[in-house]
Amino acid sequence: MLGITFGSPTGFLAGIAATGSAVIGLYIGYQAYRGLRRNSDRSMRWLSIGMILLFGLTYLLAVAGQGLIAFRVVPIRLQNVFRLLVRVTQLAGLSCIAYSLRIATKR
Amino acid sequence: MAEVELATVVSLLDDEHVRSILVATSETPLSANELSERCGISTSSIYRRIDRLSEADLVEEQTRPRSDGHHETVYVSRLDQFELTIRDGELTWSIDRRSDDVADQLTQMWGRF
């Protein structure tokens, strides 16, 4: 999914890298949110939402999906549904960032 | 933020060269030599004005690496907006300085892409 499988050393490292991206992505999203509050800049709202979708929500979905499947709460055949959800969230996040860039450069 | 008096700000802005310094360094950091060239006055005149501007916290010093490996001091304007209002028998004024907060920098940078 985002390469989060905790079984092997490489899987563990991939998990750490994914967590790192989520933390850094959310930090940028948080600064964008502060930019929105401080400067009431509309482009910062969409940048912030985009970063949160792209790094926060996809990470949560990937971890939750992997966990639910690993503990057999959800049957493995639903793995592709989680994959789809992650991809759709990524697409939505990137669209928000692209829209934010469009507003920002139009000023 | 340094406390500054209205008279100080007004007397600074009354000087044509001070205005040129603020305008030029609002766009890009410049050294005293570059400012001297742009404004057409000696570097000692530039330094005198930079000192007064720094005291009022309207100009900030930064260092810029040079191609020969040394660093040189460059100046950046911090003045964003100066507002004076006289209304209903009252005079109010305010000065906004450019911020070095990450969130503000991000907001400015994002639009420049």
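1. In which strand of chain B does B:Ser77 lie? B:Ser77 belongs to strand 2 (residues 71–77) of chain B, strands being DSSP runs of E of at least two residues and helices runs of H or I of at least four, numbered from the N terminus. B:Ser77 is buried at 3% relative accessibility (buried: under 20% relative accessible area; exposed: over 50%; partly exposed: in between; 1.4 Å probe, protein chains only).

2. This is a predicted model, in which local features need pLDDT of at least 70, side-chain atom pairs count only at pLDDT 80 or more, and totals for chains, interfaces and linings use all residues. Residues are numbered from 1 along each chain as its sequence is written, chains are lettered from A and ligands numbered from 1 in the order in which they are written, and side-chain values use heavy atoms, with hydrogens and water left out.

3. Over all chains, the structure holds 8 salt bridges (a side-chain nitrogen of Lys or Arg within 4 Å of a carboxyl oxygen of Asp or Glu). One of them pairs B:Asp104 with A:Arg38, the closest N and O atoms being 2.7 Å apart. B:Asp104 lies in helix 5 of chain B and A:Arg38 in helix 1 (residues 9–39) of chain A, so the pair joins two chains. B:Asp104 is buried at 8%, whereas A:Arg38 is partly exposed at 44%.

4. Within chain B, B:Arg97 and B:Asp57 form a salt bridge (3.6 Å, N to O). B:Arg97 lies in strand 4 (residues 90–97) and B:Asp57 in the loop between helix 4 (43–55) and strand 1 (59–65), so the pair ties together parts that are 40 residues apart in sequence. B:Arg97 is buried at 10%, and B:Asp57 is buried at 17%.
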